[in-house]
Amino acid sequence: PLIEGKRAELRRAALFNAGNVYLREALKDGEQAASQSLPLIELAKQSYRELLREEPGHWDARFNLERALWLAPESADQVVDEGGNQVWERRVLRASPGFQIELP
């Protein structure tokens, strides 16, 4: 509802808050258990990225996206599709143990 709304400031706030909810839920049992919550981390990254597309200067979203990327790093690999065209595929990598995350 708010994310799909027409009021830009409410939409951006809702995207940021949704990302925070996903990331905090993924971290509720600690960083070591966060690898079991990869879908939540991916949803958080998606919310932060959508917000940053609209407001590139939102530093808290940048910071939180960086933290989410530490938990679930990505690498881009080229893959060839059925037509022989090269496409990029994102892959999630596991984070290194012992990394601590603090959200603003």
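Predicted model: local features only at pLDDT ≥ 70, side-chain atom pairs only at ≥ 80, totals over all residues.
Figure 1. Residues are numbered from 1 along each chain as its sequence is written, and side-chain values use heavy atoms, with hydrogens and water left out. Of the 104 residues in the protein, 28% are buried (under 20% relative accessible area, 1.4 Å probe, protein chains only). Among contacts (heavy atoms within 4.5 Å) with a separation of 6 or more, 50% join residues 24 or more positions apart.

**Figure 2. Here helix α1 (residues 8-27) meets helix α2 (residues 38-54).** Their axes come within 8 Å and cross at roughly 160°; axes are lines fitted to C-alpha atoms over the stretch in contact, and angles run from 0 to 180 degrees between N-to-C directions. The pair is therefore roughly antiparallel (angles over 145 degrees). The crossing is left-handed, meaning that the near helix is turned anticlockwise from the far one by less than a right angle. Look for F16, Y22 and L23 among the α1 residues in the contact, and for I41, Y48 and L51 among those of α2. The contact residues comprise 12 nonpolar, 3 polar and 5 charged (Ala, Val, Leu, Ile, Met, Phe, Trp, Tyr, Cys and Pro are nonpolar; Asp, Glu, Lys and Arg are charged; the others, Gly among them, are polar).

**Figure 3. Next comes the packing of α1 with α3.** The two axes lie 11 Å apart at an angle of about 30°, so these helices are roughly parallel (under 35 degrees). α1 passes α3 in a left-handed crossing. From α1, F16, N20, L23 and L27 meet D60, A61, N64, A68 and L71 of α3. This contact holds 6 nonpolar, 2 polar and 1 charged.

**Figure 4. The largest nonpolar core has 16 residues.** Such a core is a set of buried Ala, Val, Leu, Ile, Met, Phe, Trp, Tyr and Cys residues joined through side-chain atoms within 4.5 Å. L23, I41, Y48, A61 and L71 touch the most other members. Two or more residues come from each of α1, α2 and α3 (59-71).

**Figure 5. K45 is a buried lysine in helix α2.** Its relative accessible area is 0%. Leaving aside neighbours within four places in sequence, K45 contacts L65, A68, L69, A72 and E74.

Technical notes
Helix = DSSP H or I, 4+ residues; strand = E, 2+ residues; numbered from the N terminus. Parallel < 35°, antiparallel > 145°, perpendicular 65-115°, else oblique. Buried < 20%, exposed > 50% of the residue type's maximum accessible area, 1.4 Å probe, protein only.
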